[in-house]
Amino acid sequence: MKVSRSSPLGLYVIGIAALFLAGFLMLVVFGAQTYQNTVAVQNGNNQTRSTLSYISAVVRASDAAGSVKVAEVVLEDGGTTKVLSLADGDTGYALRVYLHEGMLMEEYARAEAELVPAASNEIGATDIFDVEKDGSILRVQTGDGKVLLHLRAEQE
């Protein structure tokens, strides 16, 4: 009788192939998680910059003599908020940016009209909105950071 002996070499090959396959799958999972985390951080940074960039863009678009005003206004609920008012030429209308219940809001209406948060558009969530105008310098601070804008039309 002849006893057949199989070589353990086949098991070694299968083991090494399984090891490479497991390593490849771990690498794919690790790469996908890293990519997901990177995209989440990037989206957070974009959201942070978008609020301040939007305010900068609308102020620059409205940079005309006497068109940029800052006021403190009483809201319907009795609270007060600072309002950045950007006049639309000689039309009597203005784009007004203000904070209401944790949301930065914008409203396009008559410049002297009361603020109506229900009719306003949300720009983004923030817990701080502070605006100061000092000559030709406009300081805007939100929960995302601070931006200084030079109003060219207001130069002294």
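**A walk through the fold**

Modeller: Happy to. Let's start at His-100, which touches Leu-75, Asp-77, Met-105 and Pro-117, not counting residues up to four places away in sequence. Keep in mind that this is a predicted model.

Colleague: Is His-100 buried or exposed?

Modeller: Buried: its relative accessible area is 13%, and the cut-off for buried is under 20%.

Colleague: And where does His-100 sit?

Modeller: In strand 3, which covers residues 93-100.

Colleague: Let's zoom out. What secondary structure does the protein chain have?

Modeller: There is 1 helix and there are 8 strands.

Colleague: How does the radius of gyration of the protein chain look next to a compact globule?

Modeller: The protein chain has 29 Å, whereas a compact globule of 156 residues would be near 15 Å. Along the principal axes, the C-alpha atoms fill a box of roughly 110 × 35 × 25 Å.

Colleague: What share of the residues is buried?

Modeller: Buried residues are 27% of the 156 in the protein chain. The chain exposes about 10500 Å², with carbon and sulfur atoms supplying 58% of that area.

Colleague: Which nonpolar patch is on the surface?

Modeller: One is formed by Leu-21, Phe-24, Leu-25 and Val-28, which together have about 390 Å² of accessible area. Leu-25 belongs to helix 1, residues 9-61.

Colleague: How accessible is Leu-25?

Modeller: Leu-25 has 48% relative accessibility, so it counts as partly exposed. For exposed, the value would have to be over 50%.

Colleague: Back to the strands. What does Ser-85 touch beyond its neighbours within four places in sequence?

Modeller: Ser-85 is in contact with Ser-67, Val-68 and Lys-69, and also with Ala-94, Leu-95 and Arg-96. Ser-85 lies in strand 2, residues 80-87.

Colleague: Why does Ser-85 count as buried?

Modeller: Because its relative accessibility is 16%.

Colleague: What about strand 6 and strand 7?

Modeller: Strand 6 (residues 129-134) is also antiparallel to strand 7, and 6 bridges join them. Asp-134 stands opposite Ile-137 there. This is a hairpin too, with 2 residues between the strands, and Gly-135 takes a positive phi near 65° in it.

Colleague: So which side chains of strand 7 point to which face?

Modeller: Leu-138, Val-140 and Thr-142 point to one face and are buried.

Colleague: One last thing: how many of the contacts in the protein chain between residues at least 6 apart join residues at least 24 apart in sequence?

Modeller: The share is 33%.

Colleague: Great, thanks for the tour!

Definitions and conventions. Residues are numbered from 1 along each chain as its sequence is written. This is a predicted model: local features need pLDDT of at least 70, side-chain atom pairs count only at pLDDT 80 or more; totals for chains, interfaces and linings use all residues. Side-chain values use heavy atoms; hydrogens and water are left out. Patches are made of residues with over 30% relative accessible area and no salt bridge: like charges are joined within 9 Å, nonpolar side chains (Val, Leu, Ile, Met, Phe, Trp, Tyr) within 5 Å. Accessible areas come from the Shrake-Rupley method with a 1.4 Å probe; for residues, only the protein chains shown count as cover. A salt bridge is a side-chain nitrogen of Lys or Arg within 4 Å of a carboxyl oxygen of Asp or Glu. Helices (H or I, at least four residues) and strands (E, at least two) are DSSP runs, numbered from the N terminus. Buried means under 20% relative accessible area, exposed over 50%, partly exposed in between (1.4 Å probe, protein chains only). The radius of gyration is taken over C-alpha atoms; the globule rule is 2.2 Å times the number of residues to the power 0.38. Contact means heavy atoms within 4.5 Å. Two strands pair if DSSP finds at least two bridges between them.
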